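Subject: Structure handover

Hello,

Here is the structure you asked about. My notes on it follow below.

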Amino acid sequence: MALAHTLGFPRIGRNRELKQALEAYWQGRLDEAGLRALGRSLRAAHWQTQRDAGIELLPVGDFAWYDQVLAHSLLVGAIPRRFRPADGPVTLDTLFAMARGTGTRALEMTKWFDTNYHYLVPEFSADQQFRLSWEQLFEEVAEARQLGYRVKPVLLGPLTYLWLGKARGDAFDRLELLERLLPVYGEILGRLAALGVEWVQIDEPILVLDLPQAWKSAFEQAYHLLQQAPLKKLLATYFGALDDNLGLAANLPVDGLHIDLVRAPQQLAGVLDRLPPYKVLSLGVVNGRNVWRCDLEQALQPLRMAAERFAERLWVAPSCSLLHSPLDLAQEDGLDAELKGWLAFAVQKCREVALLARAVEEPGAPEVRVALAESRSAQETRRQSPRIHKPAVQARLQGLAASDWQRPTAFSERIGQQHAQLELPAFPTTTIGSFPQTADIRQARQAFRRGELDEAGYRAAMQAQIRRAVEVQERLGLDVLVHGEAERNDMVEYFAEQLDGYAFTRFGWVQSYGSRCVKPALIVGDIQRPRPMTVEWIRYAQGLTGKPMKGMLTGPVTMLMWSFPREDLPREQQALQLALAIRDEVQDLEAAGIRIVQIDEAAFREGLPLRQAERGHYLDWAVRAFRLCSAGVRDETQIHTHMCYSEFNDLIEAIAALDADVLSIEASRSQMELLEAFEAFAYPGEIGPGIYDIHSPRVPDREEMLALLHQAAERIPPERLWVNPDCGLKTRGWAETEAALANMVAAAQALRASRAQADEGGA
Ligand SMILES: Nc1nc2c(c(=O)[nH]1)N[C@@H](CNc1ccc(C(=O)N[C@@H](CCC(=O)N[C@@H](CCC(=O)N[C@@H](CCC(=O)O)C(=O)O)C(=O)O)C(=O)O)cc1)CN2
Ligand code: MET
Ligand SMILES: [Zn+2]
């Protein structure tokens with residue numbers, strides 16, 4: 001009997017109850033007991049939902065208060081000293097301090113592989129010790145068993161955990177910590193076994209990466225040591241193919257292997273060849289990363305092939321944790337029947353998994369035959385639908401010329417023209433685009449959506465927000481202004497709503513980090529821009545000030561990466577269609593007198609394939625898509641772009657190839673380390689390394705930001721250095737925003753003064 005299981009389930013709840021509760025707790029509106037009770041009820045509901053959908057072995061350990069990697073750091077006691085000054089007890093507030101930096105600098109946060117989920121980067125010191133320090137996993141296992149569920153704890157594997165972490169202080173190789181870490185894993189596995197656990201899932205997604213030899217060897221040592229633990233281990237890999245790590249993964253002394261056949265269907269033959277037949281083989285055949293209904297016939301093929309060899313040791317699963325998928329399609333009341341028939345969210349995916357497991361056993365069962373017929377007809381209607389294929393869009397892409405990708409003049413020449421017309425001071429100050437999305441902004445939008453506020457009323461309310469943002473920026477003395485993005489629910493969804501070819505859900509939320517969620521739009525068909533999207537707002541904002549107002553757009557790669565993409569057209573084609581729409585917007589902004597246009601590519605790195613061999617192709621089309629947006633402007637029009645993450649080493653060349661005039665990046669949590677790459681490569685453009693961590697409510701003071709600026713000025717020629725925060729300010733409150741920006745402007749002024757003095761001194 002093929003067994004139906006999942007690797008993890010969304011934890012936010014149907015109506016984002018976890019988000020509401022967390023924010024209430026942080027604001028002191030909910031106490032710890034209330035928060036914990038909410039967590040218990042969410043877990044119970046999610047186990048029951050999965051079991052009702054036919055899942056036989058349920059995940060536990062997939063719930064996290066903020067992030068599962070952070071929970072793991074607590075579990076193994078990797079808690080930097082600044083969060084535990086007196087070596088006191090580890091509490092929920094320790095966890096939130098590490099996540100949010102209340103009182104001290106938070107842990108770094110970065111993207112989980114190539115997803116829009118963010119984890120907190122484990123921080124290791126050279127004298128790092130590990131000790132079991134957090135009971136959550138064991139409590140939740142007990143809780144599930146008490147409720148009568150058959151569960152499989154999910155544990156981040158030791159190698160992936162170390163890989164995701166960062167060595168702090170004296171440079172040392174974090175792999176050296178493995179020896180100290182493994183005894184804690186032994187202890188964890190022992191405790192789980194004592195709780196009556198039969199199977200544990202150990203996630204080692206780094207097995208789909210290009211790994212250094214030392215790490216490969218470490219896998220063998222580690223799992224050899226963990227072999228003694230008295231329970232069965234399923235080694236889980238996802239987000240790609242094992243490729244050169246296949247032999248290693250297949251032969252580790254564990255009891256089963258999960259592979260992702262959605263991202264890497266081609267790996268099945270090799271795995272069938274090399275996985276010892278006494279092991280369990282779990283096949284991830286239902287896409288955990290997208291919302292399209294599974295093509296059941298196609299998914300059945302590998303299952304049938306594997307069933308011959310693995311028989312009752314074959315398991316069926318989604319490709320990865322369903323964390324990345326919205327919860328339940330049944331909640332959607334605004335989708336037309338045809339589109340709804342093409343979709344599946346987490347609950348539906350569980351049913352697909354259960355059905356597939358059943359279909360392997362009994363292909364002729366009536367419910368199997370019905371499901372297969374439904375699946376076939378959904379695939380068929382989608383292939384033929386006129387809402388998908390638009391000949392005019394395809395023709396425009398065919399007709400592009402080389403000049404459409406290339407600005408007419410080189411950066412070194414056009415930058416002078418830009419300086420002459422913008423007349424900015426040295427170290428110009430700016431922000432990344434958004435200002436606080438306050439409750440009254442959200443309420444006005446909600447009232448507008450419900451018809452309680454008319455369009456004129458909504459516009460007036462948003463214009464009032466823009467006036468406020470402009471006023472604040474002028475008062476604080478910023479040099480390049482933004483309108484604040486009040487009218488945008490989300491930087492991707494807002495544009496998607498104005499483009500043909502997209503569809504939207506009402507409840508399709510997915511966790512992005514902590515309490516923050518996104519509701520990715522669905523790319524259903526070819527993309528077209530029926531009319532200008534931002535021009536009226538930006539024109540209004542520019543009319544309020546004599547300083548340059550940045551036009552603010554989201555770039556094609558980011559639009560693609562933060563939407564649910566089509567599966568019937570290569571990513572590249574979808575990005576280029578989006579680029580054409582954005583290009584028209586850029587030109588409309590320029591025609592409206594806007595002198596600076598920022599095209600955010602926050603997800604540029606996220607799109608980068610995990611394997612080196614596939615990166616060249618991606619970077620080629622991603623760069624082309626950006627250039628298609630931006631290359632049509634005059635020399636004097638300054639193109640900015642923004643990327644909010646801090647790993648640039650492997651794509652600095654591509655970033656230079658974007659040929660943007662100014663680039664703002666996240667840098668504050670990593671202490672400007674990332675600028676080494678820009679220096680080493682002699683990056684030509686202007687750069688604004690973020691000096692203020694906007695993910696934390698803490699207000700950095702002038703000295704702290706000035707110190708970061710001095711560090712930056714050692715690596716970036718001063719005439720090319722901008723001063724700005726890490727990212728947009730939409731998640732912050734006004735009070736902290738104003739205080740921090742005042743300090744930021746003061747830091748820029750101090751830097752200008754000290755440079756002027758140095759220049760005089762030198763003369
Ligand atoms: N798509 C995307 N990915 C991204 C980012 C991003 O900005 N967008 N930024 C980076 C960090 N990730 C982030 C992800 C989300 C948020 C964020 O602020 N999300 C908001 C939701 C934004 C939104 O869509 N807001 C809607 C309101 C949705 C809502 O809550 N409505 C309420 C009603 C309104 C109310 O009373 O508040 C409801 O439906 O119940 C709007 O403004 O219109 C949140 O979780 O709170 C921030 C950063 C990386 N990835
Ligand atoms: C996640 S990148 C955000 C860029 C956007 N312009 C903002 O300021 O919010
Ligand atoms: Zn950003």
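How do the residues of the shell around ligand 1 divide into nonpolar, polar and charged? There are seven nonpolar, seven polar and six charged. Here Ala, Val, Leu, Ile, Met, Phe, Trp, Tyr, Cys and Pro count as nonpolar, Asp, Glu, Lys and Arg as charged, and the others, Gly among them, as polar.

Before the rest, some conventions. This is a predicted model, in which local features need pLDDT of at least 70 and side-chain atom pairs count only at pLDDT 80 or more, while totals for chains, interfaces and linings use all residues. Residues are numbered from 1 along each chain as its sequence is written, and chains are lettered from A and ligands numbered from 1 in the order in which they are written.

Ligand site

Ligand 1 is surrounded by 20 residues, and the closest are R442, N489, S512, R516 and V518. A residue is near the ligand if its C-beta atom, placed from the backbone, lies within 6 Å of it. Two or more residues of this shell come from each of α17 (439-449), β14 (510-513) and β15 (516-518). Of the elements, α17 gives the most, with four residues. Helices (H or I, at least four residues) and strands (E, at least two) are DSSP runs, numbered from the N terminus.

Overall build

The protein has 27 helices and 21 strands. Its radius of gyration, 26 Å, is close to the 27 Å that the globule rule gives for 763 residues, so the protein is as compact as a globular protein of that length. The radius is taken over C-alpha atoms, and the rule is 2.2 Å times the number of residues to the power 0.38. Buried residues (20 or more other C-beta atoms within 10 Å of their own, C-beta atoms being placed from the backbone) make up 50% of the 763.

Domains

The domain assignment, automatic or from a database, gives domain 1 (3-328 + 335-384) and domain 2 (412-757). Their centres, taken over C-alpha atoms, are 32 Å apart. The contact (C-beta atoms, placed from the backbone, within 7 Å) takes 36 residues from domain 1 and 31 residues from domain 2. On the domain 1 side, α1 (17-26), α4 (92-100) and β3 (109-111) each give two or more residues.

H695

UniProt lists H695 as "active site" in an unreviewed entry; such annotations may be inferred rather than shown by experiment, and positions follow the numbering used here, with feature names shortened. H695 sits in the loop between β21 (686-689) and α26 (702-715). It counts as buried because it has 23 C-beta neighbours inside 10 Å. Leaving out residues up to four places away in sequence, H695 touches A106 and M109.

Regards

Conventions. Contact = placed C-beta atoms within 7 Å. Buried ≥ 20, exposed ≤ 12 C-beta atoms within 10 Å, placed from the backbone.
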